[in-house]
Amino acid sequence: MKIDECRKLADRLKALAEKYGLAVGDIDPQAEDFIPDAAYIVDVLFPLRTVSHAIELGEAPSGLYPNMLERYAVVTSGEFTPEHIKADSDDDWESVELAFDFRGKCQRFVVRDVDDSDYFSPAFVPALNRLAKKLDIPGRWVAFYNGDDACSSLYVPVEAYTPFRKLKAAYSRG
């Protein structure tokens, strides 16, 4: 992404943050350690609301997805608190079923396209968002990819989900 595009994305993210009352940091595209991609910009601007990770995680799905669910829950500041997370698969890890306790009940959801791989499935965030809707969690995650090996998923209020997804569509590579 070119520096001008990075500035536009940062400005648009800041404007949405202001509109929806989200705390936002600052970013300097001229800084020596600046990385010109959407995943980096989202992570820097929203460090407390963002889960950032590589796509290749070096861990089997049985451990990878429970760990990711915990990480994604942390950025909700207590709105989503799954406990006793377990992963299982009925199809040789082509998909993974995550089961956990939440609000006194056992909850489950399936992530497809896991392919028994240590790569993060892009199906995880949409599956998690469908679950969040079902459980009436007041936020959703928007995953920004850099087109290489980075993902930053930003947790936003439900009313901010569509505008942030539009930015994702314009600036994310994946």
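User: Is L98 buried or exposed?
Analyst: This is a predicted model, in which local features need pLDDT of at least 70 and side-chain atom pairs count only at pLDDT 80 or more, while totals for chains, interfaces and linings use all residues. Residues are numbered from 1 along each chain as its sequence is written, and side-chain values use heavy atoms, with hydrogens and water left out. On the scale used here, buried means under 20% relative accessible area, exposed over 50% and partly exposed in between, with a 1.4 Å probe and protein chains only. L98 has a relative accessibility of 0%, and it therefore counts as buried.

User: In which strand does L98 lie, and how far is its C-alpha atom from that of R108?
Analyst: Strands (E, at least two residues) and helices (H or I, at least four) are DSSP runs numbered from the N terminus, and on that basis L98 belongs to strand β3. L98 and R108 are 10 residues apart along the chain, and L98 also touches R108, where contact means heavy atoms within 4.5 Å. Their C-alpha atoms are separated by 5.5 Å.

User: Which residues does Q107 touch, not counting residues up to four places away in sequence?
Analyst: Q107 is placed in strand β4, residues 105–111, and it is buried, with a relative accessible area of 10%. With residues up to four places away in sequence not counted, the residues that Q107 touches are L98, A99, F100, F102, K134 and L135.

User: At what angle do the axes of α1 and α2 cross?
Analyst: Axes are lines fitted to C-alpha atoms, for helices over the stretch in contact, and angles between N-to-C directions run from 0 to 180 degrees. The helices concerned are α1, residues 3–19, and α2, residues 38–45, whose axes come within 10 Å. Their crossing angle is roughly 40 degrees. Angles under 35 degrees count as roughly parallel, over 145 as roughly antiparallel, 65 to 115 as roughly perpendicular and the rest as oblique, which makes α1 oblique to α2 at roughly 40 degrees.

User: How do the residues of the contact of α1 with α2 divide by class?
Analyst: The contact is made by C6, L9, A10, L13 and K14 of α1, together with A38, I41, V42 and L45 of α2. Ala, Val, Leu, Ile, Met, Phe, Trp, Tyr, Cys and Pro count as nonpolar, Asp, Glu, Lys and Arg as charged, and the others, Gly among them, as polar. The division is eight nonpolar, no polar and one charged.

User: Why is α2 described as largely enclosed, and which elements do its buried residues pack against?
Analyst: Six of the eight residues of α2 are buried, so the helix is largely enclosed by the rest of the structure. The residues in question are A38, A39, Y40, I41, V42 and L45. They pack against α1, β1 (50–54), β5 (139–145), β6 (150–157) and α5 (158–171).

User: Is the crossing of α3 and α4 left-handed or right-handed?
Analyst: Helix α3, residues 61–74, packs with α4 at an angle of about 60 degrees and with the axes 12 Å apart, so the two helices are oblique to each other. In their contact, Y65, M68, L69 and Y72 of α3 meet F124, V125 and L128 of α4, and by class there are seven nonpolar, no polar and no charged residues. A crossing is left-handed if the near helix is turned anticlockwise from the far one by less than a right angle, and right-handed if clockwise. That of α3 and α4 is right-handed.

User: How many disulfides are found in the whole structure, and how far from C151 is the nearest cysteine sulfur?
Analyst: A disulfide is taken as a pair of cysteine sulfur atoms within 2.5 Å, and a search of the whole structure finds zero. C151, which is buried at a relative accessible area of 1%, is in no disulfide. The cysteine sulfur nearest to C151 is that of C6, at a distance of 17 Å.

User: What is the phi of D92?
Analyst: Most residues other than glycine have a negative phi. D92 lies in the loop between β2 (83–88) and β3 (96–102), where it counts as exposed at 65% relative accessibility. Although D92 is not a glycine, its phi is positive, at about 55 degrees.
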